[in-house]
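Student: Please take a close look at the aromatic rings. I would like to see how they pair, and what surrounds them.

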Amino acid sequence: MLDRLNEALERVERDPGEPVDVAAMARSALTSEHHFRRMFSALSGMPLSEYVRRRRLTLAGAEVIEGRDTLLDIAVRYGYGSAEAFGRAFRAMHGISPGEARRTGAALNSQSRLAFRLTIEGNTTMRYRIVDKGAFRLVGPGTRVPLVREGVNQPMTEFVLGLGDEVYGRLAELSDQEPRGALSVTVTHDPDRREGSDVNFSVAAATSASGTPEGMRALDVPEGTWVVFPFERLGFPEAIQRVWVYAASEWFPSNPAYRYRHGPELLSVEYDGDLASGELWLPVERTPG
C-alpha cells in the first residue's frame, strides 16, 4: 500500500504546476479520496494540500534563485495565475518576495520530498473487532478544542481536569452499554485534519437514556458499524495517538471491505500511572460492491 501511495505522490513531482487530482491519486492508491486525505495527513502530519503547496514553492524557489526565467514564467509554470498571487504565496513560505530572493540570493525554506516507508518495531500485532451497533446517545459536557496530533492537548486536558467528581458520577449512572464509562469523544470537521483545526470534544457516556442533564450535551448517534482497537499499557498520550495513525496507514488499506464513516470517535481509557489501557472505536461502513 505504501508503494502505491508513493506512486501517487509522483504526480506532484511530474506536474507541479497542474491542479492536484486527488481522486486520481486515490484511485492509484486503491482507496477513496476521503481516506487518501486522512491517510496522508496521519502519516505526514500535514494536509495533502499543504504538502503540495510547499513542494511547489520549494521547486519554484530554486528556479527563482537560478535566475534563468522571468518571475511571471515561473509563477505560471507552478500553477499561479499572476505574479502577485505567486508573490504572496512565496512570501508566506519563504518570508521574502521572489524579487528580493533573486536580488539577494537569500536562503529559502524547503519542503523535502516525502517518501513513506514501513518500519516494524518488535512483533506487536494490533488487534481489532467489528461491531454492528444500534442507535444510541452520547451525553456529557463538551467544548471545542484545537486538533493536536502528537503530545499533550492542553485545552483538552484543562477541560477534563475541570470536571468534578459529581460529573463523572453522573456519567457512570448514564453509561448502560458499550463502550462503558466516561468516554473521550471527538468529532472532526476538517477532512484534512489540519493541526490546530477545530474539534468538538466531550466527555460523555454511551446511553439509551432520554433527556439531557443540565450542563451537558447530547449527540444522537445512528445505528452503524464500528471498528474497535483494544490496547493495553500504552504510554499516554503519544502511544495512544499512534493507534489513530495505525488505523489510517495500516488497518484501512489492509481491510478494503471497510471505509471510514464520518462520525464521533470514541476513546475508552483506564489509567495505571503513566500507562493506559482501553479501546478506540472508529465509525466505519462497508465498502459498496
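**Rings and their neighbours**

Tutor: Arg261 lies over the face of Trp226, 5.4 Å from the ring centre. (A charge sits over a ring when NZ of Lys or CZ of Arg is within 6 Å of the ring centre and within 35 degrees of the ring normal.) The model is predicted: local features need pLDDT of at least 70, side-chain atom pairs count only at pLDDT 80 or more, and totals for chains, interfaces and linings use all residues. Residues are numbered from 1 along each chain as its sequence is written, and side-chain values use heavy atoms, with hydrogens and water left out.

First, the setting. The chain has 10 helices and 10 strands. (Both are DSSP runs numbered from the N terminus: helices are H or I with at least four residues, strands E with at least two.) Its C-alpha trace spans about 70 × 40 × 35 Å along the principal axes. Of its 289 residues, 44% count as buried. (Buried is under 20% relative accessible area, exposed over 50%, partly exposed in between, with a 1.4 Å probe and protein chains only.)

Now the pairs. There are 9 aromatic pairs in the structure. (Rings of Phe, Tyr and Trp, the last by its six-membered ring, pair if their centres lie within 6.5 Å; planes under 30 degrees apart are stacked, over 60 edge-to-face, the rest tilted.) One of them joins Tyr128 and Trp251 edge-to-face, at 5.2 Å centre to centre and 75° between the planes. Tyr128 sits in the loop between H7 and strand S1 (129-133), and Trp251 sits in helix H10 (residues 238-254), so this pair ties together parts 123 residues apart in sequence. Tyr128 is partly exposed, at 40% relative accessible area. Trp251 counts as buried, because its relative accessibility is 1%.

Another pair is Phe136 with Trp226: it is tilted, at 6.1 Å centre to centre and 50° between the planes. Phe136 belongs to strand S2 and Trp226 to strand S7 (residues 224-235), so the link spans parts that are 90 residues apart in sequence. Phe136 and Trp226 are both buried.

The charged end of Lys133 sits over the ring of Phe136, 4.7 Å from its centre. Trp226 has Arg261 over its face.

Ring pairs link Tyr128 and Trp251 with Phe229 and Tyr258.

Glu265 is in strand S9 (residues 265-272). Glu265 counts as buried, because its relative accessibility is 2%. Its side chain makes a polar contact of 2.5 Å with the side chain of Tyr260. A second contact, of 2.7 Å, joins the side chains of Glu265 and Trp244. (A polar contact is a pair of N or O atoms within 3.5 Å; within protein, one must be able to donate a hydrogen and the other to accept it, and residues adjacent in sequence count only if both atoms are side-chain atoms.)

Strands S2 (136-140), S4 (183-188), S5 (198-207) and S6 (217-221) each give at least two residues to the lining of the second largest pocket. (A pocket is an open set of points on a 1 Å grid over the protein atoms alone, where a 1.4 Å probe fits, with protein on both sides within 12 Å along at least five of seven lines; lining residues have an atom within 4 Å of a point.) Its volume is about 210 Å³. (Volume is the space filled by probe spheres set on the points, which are joined across faces, edges and corners.) Among the lining residues are Leu138, Val185, Phe201 and Arg217. The lining divides into 6 nonpolar, 3 polar and 1 charged. (Ala, Val, Leu, Ile, Met, Phe, Trp, Tyr, Cys and Pro are nonpolar; Asp, Glu, Lys and Arg are charged; the others, including Gly, are polar.)

Pro222 is in the loop between S6 and S7. Pro222 counts as exposed, because its relative accessibility is 53%. Its C-alpha atom is 43 Å from that of Ala92, 130 residues away along the chain. Pro179 is in the loop between helix H9 (165-174) and S4. The peptide bond from Glu178 to Pro179 is cis, with omega near -15°.
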